Amino acid sequence: MIVADTSAVVALLDRGARDHAAIRDAYQKRPGEWILPWAILPELDYIVAARLGTAVAAALRRDLAGGRFMIEWGSLADLRRAEELNATYRSLRLGLVDGVVMAVAERLHARAIATVDLRDFGAVSLDGQPQLWPRDL
C-alpha cells in the first residue's frame, strides 16, 4: 500500500505541478493501493481550494465522499507516534499532518509514501523504511 501525503494528492490534481506526471503515473498503476490518512483531508481541502479553485476542491470532496480514495481513519497510537516523531525530529517542525502520515505508513507497513515533501519525509527514518514516491520510483 501507498500512504499519500497532502503534497502528492495536490500534485496528482494539479496538471501544472512539477511532479504531476510522475505522481499521476504512480497513482494510475496502483490506484487501489493508495491510502489517504485522515489528517491530510482538511489541509488538502484548503490547499486545493486556494491553489486550484473551489470547483476542483468540490470535485475532490465528491470523490472522497464517493469512495474514490481509501481513507485511513487512524488510531490514538498514530497520534502518539506522530508526537514521538515530532519530538525526535524537533528541528524539522513536522507538525500533526506529516507526523500522522508517517505514523500511518509505519503502522500499515506501507511500501511507499507518496510525497513531494522531501525536506521532511527524506530526513526521517521510519520503521519499515518505506520508499518515497516519486523520488524512489
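## Close-up views of a predicted model

**View A. Asp 25 and its salt-bridge partner.** Asp 25 is partly exposed, its relative accessible area being 34%. The model shown here and in the views that follow is a predicted one. The side chain of Asp 25 meets that of Arg 24 in a salt bridge, with 3.3 Å from N to O. Arg 24 has a relative accessible area of 30% and is therefore also classed as partly exposed, since this class lies between the buried limit of under 20% and the exposed limit of over 50%. Side chains of opposite charge can pair in this way when their charged atoms come close.

View B. Arg 61 and Asp 45 form a salt bridge in which the closest N and O atoms are 2.7 Å apart. This pair links distant parts of the chain, with Arg 61 in helix 4 (residues 54–65) and Asp 45 in helix 3, 16 residues apart. Arg 61 is partly exposed at 41% relative accessibility, and Asp 45, with a relative accessible area of 27%, is partly exposed as well.

**View C. Further salt bridges.** In the structure as a whole there are 12 salt bridges. One of them joins the side chains of Arg 135 and Asp 136, at 2.8 Å from N to O. Here Arg 135 is partly exposed, with a relative accessible area of 47%, and Asp 136 is partly exposed at 29%. Elsewhere, Arg 30, Glu 33 and Arg 111 are connected to one another in a network of salt bridges.

View D. Strands of a sheet pair through backbone hydrogen bonds, either parallel or antiparallel.

**View E. Strand pairings across the sheet.** Strand 1 and strand 2 pair in the parallel sense over 2 bridges, and Val 3 has Ile 35 of strand 2 as its bridge partner. Strand 2 is joined in turn to strand 3 by 3 bridges, the two strands running parallel; here Pro 37 has Glu 72 of strand 3 as its bridge partner. Strand 4 (residues 112–114) pairs with strand 5 in the parallel sense over 3 bridges, and within this pairing Ile 113 stands opposite Leu 132 of strand 5.

**View G. The largest pocket.** The volume of the largest pocket is about 250 Å³. It is lined by 13 residues, of which Leu 12, Leu 13, Asp 63, Arg 68 and Phe 69 are the closest to its centre. Helix 1 (6–13), helix 2 (20–29) and helix 4 each contribute at least two residues to this lining.

View H. Most residues other than glycine have a negative phi, and most peptide bonds are trans. His 109 is not a glycine, yet it has a positive phi of about 55°. This residue is found in the loop between helix 6 and strand 4, and at 70% relative accessibility it counts as exposed. Gln 129 likewise has a positive phi, near 45°; it is placed in the loop between helix 7 (118–121) and strand 5 and is exposed, with a relative accessible area of 68%. A cis peptide bond, with omega about 15°, joins Trp 133 to Pro 134, and Pro 134 lies in the segment after strand 5.

**View I. Thr 88 and Val 124.** Thr 88 lies in helix 5 (residues 76–88) and is exposed, with a relative accessible area of 57%. Its C-alpha atom is separated by 9.2 Å from that of Val 124, a residue 36 residues apart from Thr 88 along the chain.

How values were computed
Residues are numbered from 1 along each chain as its sequence is written. This is a predicted model: local features need pLDDT of at least 70, side-chain atom pairs count only at pLDDT 80 or more; totals for chains, interfaces and linings use all residues. Side-chain values use heavy atoms; hydrogens and water are left out. Two strands pair if DSSP finds at least two bridges between them. Helices (H or I, at least four residues) and strands (E, at least two) are DSSP runs, numbered from the N terminus. A salt bridge is a side-chain nitrogen of Lys or Arg within 4 Å of a carboxyl oxygen of Asp or Glu. Buried means under 20% relative accessible area, exposed over 50%, partly exposed in between (1.4 Å probe, protein chains only). On a 1 Å grid over the protein atoms alone, a cavity is a set of points where a 1.4 Å probe fits but cannot get out, and a pocket is an open set with protein on both sides within 12 Å along at least five of seven lines; lining residues have an atom within 4 Å of a point. Grid points are joined across faces, edges and corners, and a volume is the space filled by probe spheres set on the points.
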